[in-house]
Amino acid sequence: MRKLLRFLKPYRVQAVLGPLFKMLEALFELFIPLVVADIIDVGIKNGDTAFIWQRCGIMVALGVVGLVCSITAQYFSAKAAVGMAAGMRHALFAHIGKLSYAETDRIGTATLLSRTTADVNQIQNTVNLVLRLFLRSPFIVFGAMIMAFTVSANAALTFVVTIPALSVVIFGIMLISIPMFRKVQGKLDRVLGLTRENLTGARVVRAFVREEESVREFADANQALTKLQRFTGRFSALLNPLTYVIINLSILVIIYRGGVQVNLGNLETGDVVALYNYMSQILVELIKLANFIILITKACASAMRINEVFETPQGMTKSDISNANQILVKNGNVTFENVSLSYHKSSDTVLEEISFHAPAGSTVGIIGGTGSGKSSLVNLIPRFYDASSGSILVDGHNVKEYGDPEALREQIGIVPQKAELFAGTIRENLQWGRANATDEELFRALADAQAADFVKAKKGGLDFVLEQGGRNLSGGQRQRLTIARALVRRPKILILDDSSSALDFTTDAALRRSIAALDHHPTTFIVSQRTASIKEADLILVLDDGRIADQGTHDELLERCAVYREIYDSQFKEVTAE
């Protein structure tokens with residue numbers, strides 16, 4: 001939790017004023033039992049109505065001033081807590097955005113969402129409560145004990161025994177509860193993961209009639225979470241009953257001993273009432289403190305989970321070379337030299353000993369079976385992953401020499417396998433490629449991506465509003481828009497990662513012709529399952545189980561590469577037979 005306090009520094013003034021005003025409120029509250037004692041021992045005993053009204057006025061004044069202090073403290077505490085949470089959430093989101101694909105895959109999207117939202121909210125609520133109670137409650141507890149000694153040292157000895165006993169109960173339960181709440185959050189991640197998976201894949205679940213299995217799997221995870229939450233909740237619930245028992249026993253002792261002292265003439269009745277009120281104040285504050293401790297245990301678990309994300313190193317680091325930021329992609333030559341890749345240190349090798357050279361302006365086709373490493377290979381060029389060994393050179397410079405990864409990616413146009421679009425207009429989505437692109441440039445990119453006709457047909461054209469993920473477009477339309485978004489950048493290197501799978505053969509062929517005719521001649525990498533999509537490429541890489549089975553032109557590979565010929569025959573012989 002201490003590591004996250006850096007986000008509270010901009011609000012240090014509010015973080016100090018909030019507790020101070022709460023302590024002022026507590027100070028005024030401690031005087032009320034003495035005023036009540038005066039009313040009983042002087043006003044009521046002597047029948048002095050004026051004195052009673054005078055003391056009642058003092059009580060009202062103390063209450064009003066305490067209320068003003070409480071509202072002020074709440075304002076400052078809330079401002080500090082919300083500001084801290086906003087800063088933490090912003091930093092967490094920025095850090096996650098800079099994690100490598102490998103780290104994001106390892107942690108999991110559902111867990112990252114949970115930590116960015118639920119865990120941050122948990123810390124926000126806890127900080128708000130801490131700023132209001134961490135001075136007030138101890139001040140009331142120990143202040144009430146001191147005030148009790150001013151009333152009767154003999155009777156107040158009960159406080160000396162009660163407070164340590166309560167501290168043992170509270171902190172004992174807290175220490176045991178923290179690991180439990182961490183496990184609860186882990187189970188919650190599992191439930192969130194299943195929820196996200198089943199909601200995003202609802203159509204697939206229904207298509208394969210897997211509703212019952214999905215419901216059963218979710219029910220099992222939910223039941224495991226519920227069971228653990230119940231056990232943790234029952235254990236934490238011991239806090240209030242135990243504190244009530246200790247406090248009420250203490251009150252009985254005070255009333256008994258106070259009554260004896262009154263009979264002996266050593267105490268006034270009002271003094272006993274004051275002692276009772278001080279013990280009641282301690283009871284109320286310790287109940288708050290008990291609930292506060294439970295909240296702290298949850299917050300500690302959340303803080304550990306958030307710290308795990310912050311402590312996850314960014315896979316992509318800046319280059320240490322002094323002129324790193326001056327390196328620019330001028331031509332787009334790409335060379336792989338004995339490149340191997342493992343997603344994690346202990347995992348199997350995904351790519352092994354990959355070597356090839358792609359001259360500037362050339363087209364490289366990449367083909368192979370499912371899981372052969374095609375997408376992994378092209379993801380190494382923009383440094384979505386870093387190679388485990390070997391070198392990837394762009395214009396003769398290692399990709400790690402390009403300073404920030406963004407310096408390299410600004411020169412690369414990427415069309416991922418899954419067509420990702422964002423809620424907003426078509427224009428806003430295309431301008432992700434280049435923010436200052438004009439409408440003329442946008443339509444030129446749309447024409448090259450074979451998307452201009454359907455965009456013009458939409459109501460509003462470039463101002464047509466897309467739903468989240470582009471749900472109001474067909475799969476082919478989404479793919480063509482993502483291609484156009486990459487072309488708007490006019491990149492030196494263009495990566496098409498199986499980005500025409502939803503297009504018909506005619507549109508796919510027209511797309512390849514327009515890309516080949518681009519006036520800025522990017523070095524193009526085409527990942528595809530279709531040999532028709534890459535047969536005109538200058539160089540074709542045939543991947544097989546993470547290795548290059550062969551490389552060459554279409555005609556060369558048909559003659560000597562069995563893997564390529566098998567893929568080609570499986571597609572074109574079937575077409576001929578039909």
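**A sheet, a hairpin and a helix pair**

Let's start with the open sheet, in which four strands line up in the order E2-E1-E4-E5 with antiparallel pairing. Its edges are strand E2 (351-358) and strand E5 (397-398), each pairing on one side only. Strands here (E, at least two residues) and helices (H or I, at least four) are DSSP runs numbered from the N terminus, and two strands pair if DSSP finds at least two bridges between them. Strand E1 (residues 334-341) is joined to E2 by five bridges in the antiparallel sense, with Val 334 opposite Ala 358 in E2.

A word on the model: it is predicted, local features need pLDDT of at least 70, side-chain atom pairs count only at pLDDT 80 or more, and totals for chains, interfaces and linings use all residues. Residues are numbered from 1 along each chain as its sequence is written, and side-chain values use heavy atoms, leaving out hydrogens and water.

Further along, strand E11 (residues 539-544) and strand E12 (residues 547-552) run antiparallel, joined by five bridges. Leu 543 has Ile 548 in E12 as its bridge partner. The two strands form a hairpin with two residues between them, and Asp 545 in the turn has a positive phi of about 55°.

Now turn to the helices. H5 (residues 136-151) packs against H6 (residues 153-200) at an angle of about 160°, their axes 7 Å apart; axes are lines fitted to C-alpha atoms over the stretch in contact, and angles run from 0 to 180 degrees between N-to-C directions. H5 is therefore roughly antiparallel to H6 (angles over 145 degrees).

Terms used
Angles under 35 degrees count as roughly parallel, over 145 as roughly antiparallel, 65 to 115 as roughly perpendicular and the rest as oblique.
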